[in-house]
Amino acid sequence: MDLTGKLTDEELFGRWDLANSTWNLKGKMNYDYNADLKKVEHHVKVGNYKEARDELSKYYKNKIVNEAKKAPKKEPKKENVSSLSLDTFCDGIYSVICPICLISVPANEDFILVDLHSYICSKLSQNMRSISFLLMARYKGENLTVFNSREAGVNPPVLEITVDQQVKRYEACSDTYIRAGKYEGDNFGKDKYLCVRDSGYPLDDNNMRSYLQFEMDDLSADSAVTSAVLKLYGKNDSDQEMKLIVFESEQPVVRETEKTWLNSNIKVFSWQGNTESFDWREPNGADNQWLNILMRFWRQMGLIAKYEKIGDAQYLKRFMEMLVSFIDQCGGGELNNEHTISRNQSLNCGFRLHQLTNAFRVLSNSDVMDTDNCIKIIKFFWMEVEYLMSADTFWNSHAGLNNWGMNQTLGQLLVLIHFPEYQDWERWYSEIKKRMDYMVNNFILPDGAYVEATNGYPVSILSHLLFYKDLCEEKGYELPVGFDNKLIAFARFFMNCLEPNWWLTEYGDDHYRSSERLLKMLHTLGQMYDDQELLYAGSKGVEGKAPAQTSLYFPYGKLAVQRTSWDMDALFLFSNVRPYATHCHNDDLHITLHAYGRRLLVDTSDRSYNDEEISNWQRRRRGSHNVVDVDKKSVYVNWSTNTDKLAANGNMLSNTFFDLFSGYHQEEWSENEIMKQHRNVLFIKAAGFWIVSDYASVPPGEHEYYQNWHFDSHADIVIDEQSKKSYSRYTQGSNLLIVPAEANEISSRIENGFIGSNPHKYISYRKQENGDGTYDTILYPFRGTVDKNKIELHRIPLHVPLTTATCFEVSIKEPNHMATGYYYHSYEDTLEIKEFGEFATDAMTVYIQTKCEKLEMLSLYAARYLEHKGKVLMKASKKLDNIGILWDKNRLEISSSGNCIEDKGEITIRVQDTIREVIYNEEKIKYNQEGEYLTF
């Protein structure tokens, strides 16, 4: 290695001993791979490294040109960032946020009008009514721009929006500026002015940026906005106009009395006018992902795409300058860590190899690829792969059991495919194969679920596995043993986690978004393996056949799915019980809910990995999820800390008419303090609603219990003050009514939160108890507007506390009658016959519903016996895990998990009419009826 830690020419090409006709130092190139490489070898053996460099560069340029001639012509890739972003990138402004527009500030004091019409419309379409901006100087210099702040008293920043020919005026609710260098910890929130200047490379004491936030609470996605103008009053201190860039602020909330340079998580820095001085280190105040993203070369690939689209060489030139500066400063595999402080070296390395192997082909077919650059890159690729070959980047790190390992390994493999001329190819490929074998058999759990606690990252893993399969088949590489079975199980896991609108439900580090990419992969796999159910999911129900399974539990993934059918109108609920794994949130027992074409209970997603208020709330706090939060206290820090203090598990019992999901979340608050939450979700599929029973076992003393329900930002939620019922108010489509059983014991509030970076409101029920606490709740979806009087709950008194068992009567108002349900759930481990109202049972959970005083449906879990007014309703010779019964005049429908009725023992059911047909799990069975009792 040379003094900077990179390969020397001798190490790349080798050193030949002429006297003994042998290699004193074996190089990195396999000269036997291609006859043209023999020319390179000849120059090396006579010690002429300059000609060897030229010849190797010529070899790769000719190789790329010839391959390009043979390859089918492809459409250029789309730029992954805006033209303005790419143009500023070319000029040395390195941002991982996209600029909105440029504005000009005059030398004389005046109003500056900024057209934001398309931007505001875009934000309102996402129901984002709180927006914030960053103002930054476009060019380096000592000139200062000054605007009036809202503290100036006159001409404050204003957002003027025209809606239905009416101009609405919104003054900034918060504004301030930040300053770098020795002022980086200072706050200027009470200053009368907003200052903007960009000086230093990248920073000095005079570097300043301004932030503004506006609230538009009275607007919505339906608002007919015809104009949106940001109005600022100010000037710059030069004798000519000064250009500024308007960005969306890195943080959605501008806390003007707290904001400083150091706590702003800055995502854009400028070396404008002096790009050669770019330093691959994080400036003070940088967002913790800023450097990582630059090192992965994701955004820089937009320069390649722009060049391919319009042929302007400045974009390719800038890409090459950035790549060469990275190689010069950081070395391959970021071995020169004394210079760079990237936190994710091996992951960054894997990611950029995905980009740079493709970029190399474009670069080689252009004038920017001279001999020096080519040889630098060849050395760089070898060092990158060799760095990732270290056991410390895979086997001895967490990377081998999450997406890091997959991204690293595929990055290595791409180098091998593009550069088979390396001498180490066989050694590298052998290691890659071992790693892929290991990951395929450990990433995908035995039930098909994914090892990380999120639905965000595994979509990319599925894409990588498909890519790997195609690659192996094309190149004749051997696939891992059992690869196809694992891939099918993985695909079916995704299929079962699709909500009725064909979007993938989310949890953990994830964002709820269209799943078109996933659906295409499922369709491809359906064709590949002739799997009719995957074809059905991948085609949104157009091809194949609907999956036979609706509700299921993943025992290894610890995920539950409850679903009525595969129709777009289906009812769907998802829950997870994974207390820790890579990318998990503090979301054990959290649920998402979709019904009648709309998502009604949501996850709050993740904003970033920064140590900031919003992202910490989303990722670490119980209150950001649809769960019970006890004392707003948790030992959870993140997915790599305090895992020994957390535990969770769950189970689900399903039949055609009912599902019961049961799970727990446990935390060790201290050596002698255990908090354990239980959640039981009974899905009454036959009636179309859910009953949720929450129970928290806590250390002695007073505790506060918060039960939270997160709706989408568009839901326009409301709480009925008397009944404490809460509900959404969509004007079209479905809505959700939440009915608490303990209206007189709880307080309720609408709280402010965030979904991603977008503000939203959620329901929070609060109660205070001395000791353990419980909640019982009905989640009732409507096809249209909510009728809050449709459901009424009435507690049925028990002879035990609610922490032992819970029970209530449900009155359901139907068009021509009133249905009455009776719900009972026991928290005891040993189940004996207990009375509740007019009933007695040994069941863990019971739901009975009558219509016009006749039995309509019955659900029993962990039971042998149920009676009503002293008469047997159901008894079994063996304890039943679950049984669901529907009465329909002369027909009795029975469903239970497990297909073999002989395994159930003898079952007796009381009926009210002569039964002519009994259906068990969709098949007719033999039975005996004597009077009002039927036995089978």
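**Terms and their grounds**

Mentor: Let us begin with helix α5 (residues 117-125), which lies across β4, β6 (130-137) and β14 and runs at about 145° to β6. The model is predicted: local features need pLDDT of at least 70 and side-chain atom pairs count only at pLDDT 80 or more, whereas totals for chains, interfaces and linings use all residues. Residues are numbered from 1 along each chain as its sequence is written, and side-chain values use heavy atoms, with hydrogens and water left out.

Trainee: What makes α5 a helix and β6 a strand, and what does the angle between them refer to?

Mentor: Helices (H or I, at least four residues) and strands (E, at least two) are DSSP runs, numbered from the N terminus. Axes are lines fitted to C-alpha atoms, for helices over the stretch in contact, and angles run from 0 to 180 degrees between N-to-C directions. The value of about 145° is thus the angle between the directions of α5 and β6.

Trainee: Which strands form the open sheet that contains β6, and how are they paired?

Mentor: The order is β4-β14-β6-β12-β10, with antiparallel pairing. Two strands pair if DSSP finds at least two bridges between them. Strand β4 and strand β14 (residues 242-248) are joined by six bridges, and therefore meet that requirement. Within this pairing, Pro99 has Phe247 of β14 as its bridge partner.

Trainee: Why are β4 and β10 called edge strands?

Mentor: Each of β4 (99-105) and β10 (174-179) pairs on one side only. On average, neighbouring strands here are turned by 25° against each other, direction ignored. Helix α4 (residues 83-90) also packs on this sheet; it touches β4 and β14, and its direction makes about 70° with that of β4.

Trainee: Is Cys101 buried or exposed?

Mentor: Buried means under 20% relative accessible area, exposed over 50%, and partly exposed in between (1.4 Å probe, protein chains only). Cys101 has a relative accessible area of 15% and is therefore buried. Cys807, at 1% relative accessibility, likewise counts as buried.

Trainee: What describes the packing of α9 on α10?

Mentor: Two packed helices are described by the angle between their axes and the distance between the axes. The axes of α9 (residues 345-364) and α10 (residues 371-388) come within 10 Å and cross at roughly 145°.

Trainee: Why does Asn496 count as buried?

Mentor: Asn496 has 7% relative accessibility, and therefore counts as buried. This residue of α14 is in contact with Leu552, Phe554, Val561, Arg563 and Phe572, among others beyond four places in sequence.

Trainee: What makes Tyr536 buried, and where does it lie?

Mentor: Tyr536 lies in helix α16 (residues 532-538); because its relative accessibility is 13%, it counts as buried. Its contacts beyond four places in sequence include Trp502, Pro547 and Trp566. Tyr536 and Ala546 are ten residues apart in sequence and 5.9 Å apart in space, C-alpha to C-alpha.

Trainee: How do you know that both faces of strand β42 are covered?

Mentor: In a regular strand the side chains alternate between the two faces of the sheet. In β42 (residues 907-910), Ile907 and Ile909 on one side and Thr908 and Arg910 on the other are all buried. Three bridges join β42 to β40 (residues 871-888), and three join β42 to β46 (residues 933-935). Ala876 stands opposite Ile907, and Arg910 stands opposite Tyr933.

Terms used: Contact means heavy atoms within 4.5 Å.
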